[in-house]
Amino acid sequence: MTLTVELRRPVEELPEALKPLRERILSNLTMLARLPAPTGKEQDRVQFLLDRFLEAGLTDATTDEIGNAVGRIRGRRGNRTILAAAHLDDIVRPTQEHEVVVRADRVIGPGVSDNAMGAAVIAMLPAILEHLNIELNSNLVLVGSILSLGRGNHRGIRAFLDQYPDDIHFGVCVEGIELGRLDFFSIAMARADLVCQVRNGGNPSRGYRAESALVVLNQIINRILGIPTPVRPYTVIRMGKLRAGVSYDTEPTRALLGLEIVSHDDEQVDRIIREIEAICFETSARHAAEAKLDVFFRTRAGGIPFGHRLVSSTIDVMRSLGIEPDQRHTPSEVSEMIARDIPAITLGITHGRKHERPKPDYVLIEPILRGVAQVVGVLLAIDAGACDGI
Amino acid sequence: MVSEDWLQRRTYHHTNFWDIRWLLQQKERQGLRISLCLPTYNEEKTIGQEIVIFKAELMDRFPLLDEIAVIDSGSTDKTCQIAAEFGADVYIASEHLAEYGVYRGKGENLWKALYLLQGDILVYVDTDIANIHPRFVYGLVGPLLANPEVHYVKAFYDRPIAHSGQLRPTGGGRVTEILIRPLFSLFYPELTAILQPLSGEYAGRRSILEQIPYPVGYGVETAMLIDIYQRLGMEAFAQTDLDRRVHRNQDTVALGRMAFGVARVFFSRLRRDGKIQYDGELPTLMRQFEFADGNYRLRECTIEEIERPPMIELEAYRRKFYPETVASASEAQAPAADTA
């Protein structure tokens, strides 16, 4: 138990103290979710955050060189700098109607859970701290990051971390769901598109004639399924996306497989990438096709130990709020902080659903105040020195 | 005549009033209360976000609004439950002023809002708007707080229609362009300067709203414009561009019925104002045809457009808002009774 009694009691009282802000949090969530923000086109959400920061008196709020929304609340002493960040982009198609419905118990709409909810909390943090009369000793830097998902490859947060002039001592990433989520380590991961293009014209292959790209890709998938994935270190290949063809009667000349390789060991990911590249090379030769693996997203294994006081204090904060910690790993921008030796965690705000089409995304309203209280509680714990060291 | 000068002076953009702190200062300086009325009937899909956004931005952050009230026509979905959950006052229209009869329609709800709500300024906002934003209120309140000569402010938009999950760039306003604008051009040409006379969002001072009759149905917006115009002239009006309004489209059959109701209200004003003459009352039966199973089929619909009297004429209203006038009237009658 690392959280002092002096800290635990105020943390327990936070959800009640936050009640007058419930509609403001929901209002921010709703308005953010209605702004389309595909990766690379997050400007409207960036402006929304900057407006909120400026309204709250963060007079130096601005975009950084790459375009992240950045605001800073100066601490009384400024002896530490805490980074609180949420990614602003989502995977909702910009042409899709960004309709948000607020029911009595939930908010429904594309991208509300990933990550309009997290962005809403970052937008509201200055107002939340002011409402609670909390003035931190530490500097608090708020970032709404762009270029996070997919081919964005965390470029926004990486650029911020590379360019921010002051040392950052702790990081807190905020995601919409799930409440209880506690990520404090990063696993090795690679995301890639495998594109298979059948060659048209020229001399036909001597071995095989050109086939449907779908059939060739199927051959590749079968070969990938044969790649050994050890239980220890935990290693898995997930094939999550498949695209090919436009009509029933025309064999496609192009097919795409989206896949993810995850492991607790960087070497396993490197090995699997090499093996898939070899499969692509061989299949291309045999099937008169061009198969290429494009690895566009990488994270390296690492993290802070379970015994780090940031982790134990966060668990204390969660439990004092009746939140059961869930330490399963989910990819987030925390990996970029950990890669720079910044002790960092990812927290979820509420329960809900994401990316289960055709079912709509949603977040539950009732847990939100506990989720926000948890973020504030962790900031208080860091500020009080309860998270320093192991 | 349509005055370009009026258009220049009285046409605003909502960004003219983005500084809510300034609006709040004006409101407090003038000692005004502002009420938001949301008329509803089965709007569970949109009512939650409207109330959350208006309450958060215009009550909790800046107390520009003194009350947010839903006046409901008997919704059978969860409209009222959701509205109450997020802090709106919820009134079932049929449960109030029932001694004056009970009708169903948007105009009925707006009329009863005058009695139920406290504000010196009332803001009416439809509840089918998918892209609701605080500008839908502060853009309408702004001209009233900035200029004491303005009594009534109307919204206008570039209105895309939500359709099959995609957005089309523009549309809406068909009844306006095909019916209202030609009629205004013929009989009330100055009112053609009101760019979207049928828009569902407007704000007015109680002092004028209580003086005019309210049709209970489709014609309420048209009637308000003509009746305020007749009493106060164009200088009482202003209009604000609220940019985009995303809402569900109505089919042509529904718009036809709406046009019928609006036309009845319009013609009753023309007769009242001596602009046309006709005997008896206009028919209430709207006839439309549909093609089904290889045949044309007649569909008849009765649209009455009942009108509520000016609220100031109701004793219950005067007793609530002007008790001194009711008391003095009683006192004035008392000696006569004694004498008798």
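The following legends describe close-up views of a predicted model.

**View 1. The open sheet of chain A.** Seven strands of chain A form an open sheet in the order S1-S2-S6-S3-S7-S15-S8, and the pairing is mixed. Two strands lie at the edges, strand S1 (62-63) and strand S8 (182-183) of chain A, and each of them pairs on one side only. In general, strands of a sheet pair through backbone hydrogen bonds, either parallel or antiparallel.

View 2. Strand S8 of chain A pairs with strand S15 (residues 344-350) of chain A in the antiparallel sense, over two bridges. Within this pair, A:Asp183 stands opposite A:Thr346 of S15(A). Helix H10 (residues 368-383) of chain A packs on the sheet. The strands that H10 touches are strand S3 (81-87), strand S6 (139-145), strand S7 (170-177) and S15 of chain A. The direction of H10 makes about 155° with that of S15(A).

View 3. Helix H2 of chain A is mostly covered, as 12 of its 12 residues are buried. Among these buried residues are A:Arg22, A:Glu23, A:Ile25, A:Leu29 and A:Ala33. The cover over the buried residues of H2(A) includes, from chain A, helix H3 (43-55), S4, strand S5 (106-108), helix H4 (112-131) and H10. Chain B also takes part in this cover, through its helix H3 (47-61).

**View 4. The contact between chain A and chain B.** Chain A gives 17 residues to the contact, and chain B gives 22 residues. On the side of chain A that touches chain B, the elements giving two or more residues are helix H2 (22-33) and strand S4 (101-102) of chain A. H2(A) supplies the largest share of that side, six residues.

**View 5. A buried loop residue of chain B.** B:Gln196 is placed in the loop between helix H7 (174-187) and strand S9 (202-205) of chain B. B:Gln196 counts as buried because 23 other C-beta atoms lie within 10 Å, and the cut-off for a buried residue is 20 or more. B:Gln196 and B:Phe156 are 40 residues apart along the chain, yet their C-alpha atoms are separated by 5.3 Å. Beyond its neighbours within four places in sequence, B:Gln196 is in contact with B:Ala155, B:Phe156, B:Tyr157, B:Gly173 and B:Thr176.

**View 6. Strand S12 of chain A and its two antiparallel partners shown here.** Strand S10 (residues 188-198) of chain A runs antiparallel to strand S12 (residues 254-263) of chain A, and 10 bridges join them. A:Cys196 has A:Ala255 in S12(A) as its bridge partner. Strand S11 (residues 235-244) of chain A also pairs with S12(A) in the antiparallel sense, over nine bridges. Here A:Lys241 stands opposite A:Gly258 of S12(A).

**View 7. The two domains of chain A.** The domain assignment of chain A gives domain 1 (5-186 + 301-383) and domain 2 (188-299). The centres of these domains, taken over C-alpha atoms, are separated by 35 Å. Their contact takes six residues from domain 1 of chain A and eight residues from domain 2 of chain A. On the side of domain 1 that touches domain 2, the residues divide into two nonpolar, three polar and one charged.

Definitions and conventions: Residues are numbered from 1 along each chain as its sequence is written. Chains are lettered from A and ligands numbered from 1 in the order in which they are written. This is a predicted model: local features need pLDDT of at least 70, side-chain atom pairs count only at pLDDT 80 or more; totals for chains, interfaces and linings use all residues. Two strands pair if DSSP finds at least two bridges between them. Helices (H or I, at least four residues) and strands (E, at least two) are DSSP runs, numbered from the N terminus. Two residues are in contact if their C-beta atoms, placed from the backbone, lie within 7 Å. Axes are lines fitted to C-alpha atoms, for helices over the stretch in contact, and angles run from 0 to 180 degrees between N-to-C directions. Domain bounds come from an automatic or database domain assignment. Ala, Val, Leu, Ile, Met, Phe, Trp, Tyr, Cys and Pro count as nonpolar, Asp, Glu, Lys and Arg as charged, and the others, Gly among them, as polar.
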